[in-house]
Amino acid sequence: QVQLVESGGGLVQAGGSLRLSCAASGRFFGINVMGWYRQAPGKQRDLVATITSGGSKNYADSVKGRFTISRDNANHTVYLQMNSLQPEDTAVYYCNAYAKYVGWHDYWGQGTQVTVSS
């Protein structure tokens, strides 16, 4: 099983920055894609950014140029640097990992709240 623990959320003013971290632990035999998703109240959970074990990155159009995803494969950790935050970035941010443990499965963190005030 894979456990994902997020940290780094909080309250910030518009234009500010936050850095999210997510560490994977438990028993697994490899992690392919890691990423971040977010869910605002009353809305569906949407992709923010993903990164493969080889370093290929994918971003939602709404965050391109403002957010940067990175990864430490040795420590099974993924980061999301968020700059120029706007009120519309307010959401619960969830870490995701596609990992192998008796087959490949998606795993999710518990979520961390990001609130951007105007």
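**Figure 1. Salt bridges in the predicted model.** A search of the whole structure finds three salt bridges, a salt bridge being a side-chain nitrogen of Lys or Arg within 4 Å of a carboxyl oxygen of Asp or Glu. Side chains of opposite charge can pair when their charged atoms come close. R38, R66 and D89 are linked in a network of such bridges. This is a predicted model, in which local features need pLDDT of at least 70 and side-chain atom pairs count only at pLDDT 80 or more, while totals for chains, interfaces and linings use all residues. Residues are numbered from 1 along each chain as its sequence is written, and side-chain values use heavy atoms, with hydrogens and water left out.

**Figure 2. Close-up of R38 and D89.** The closest N and O atoms of the salt bridge between R38 and D89 are 3.0 Å apart. The pair links distant parts of the chain, 51 residues apart: R38 belongs to strand β4 (residues 31-39), and D89 to the loop between β8 (77-82) and β9 (91-100). Strands (E, at least two residues) and helices (H or I, at least four) are DSSP runs numbered from the N terminus. R38 counts as buried because its relative accessibility is 14%, and D89 is buried with a relative accessible area of 0%. Buried means under 20% relative accessible area, exposed over 50%, and partly exposed in between (1.4 Å probe, protein chains only).

**Figure 3. Close-up of R66 and D89.** The side chains of R66 and D89 form a salt bridge with an N to O distance of 2.8 Å. This pair also joins distant parts of the chain: R66 sits in the loop between β6 (57-59) and β7 (67-72), D89 in the loop between β8 and β9, and they are 23 residues apart. R66 has a relative accessible area of 17%, so it is buried.

**Figure 4. Close-up of D61 and K64.** D61 and K64 meet through their side chains in a salt bridge, 3.1 Å from N to O. D61 counts as exposed because its relative accessibility is 63%.

**Figure 5. Close-up of Q1.** Q1 lies in the segment before β1 (2-7). At 48% relative accessibility, Q1 counts as partly exposed. Leaving out residues up to four places away in sequence, Q1 touches S25, G26, R27, Y101 and Y107; contact means heavy atoms within 4.5 Å. Q1 and Q110 are separated by 109 residues in sequence and by 15 Å in space, C-alpha to C-alpha.

**Figure 6. The chain around these sites.** The protein chain has eleven strands and zero helices. Its C-alpha trace spans about 45 × 25 × 20 Å along the principal axes. Of its 118 residues, 41% count as buried. Among contacts between residues at least 6 apart in sequence, 53% join residues at least 24 apart. The chain exposes about 6,100 Å², with carbon and sulfur atoms supplying 47% of it; accessible areas come from the Shrake-Rupley method with a 1.4 Å probe, and for residues only the protein chains shown count as cover.
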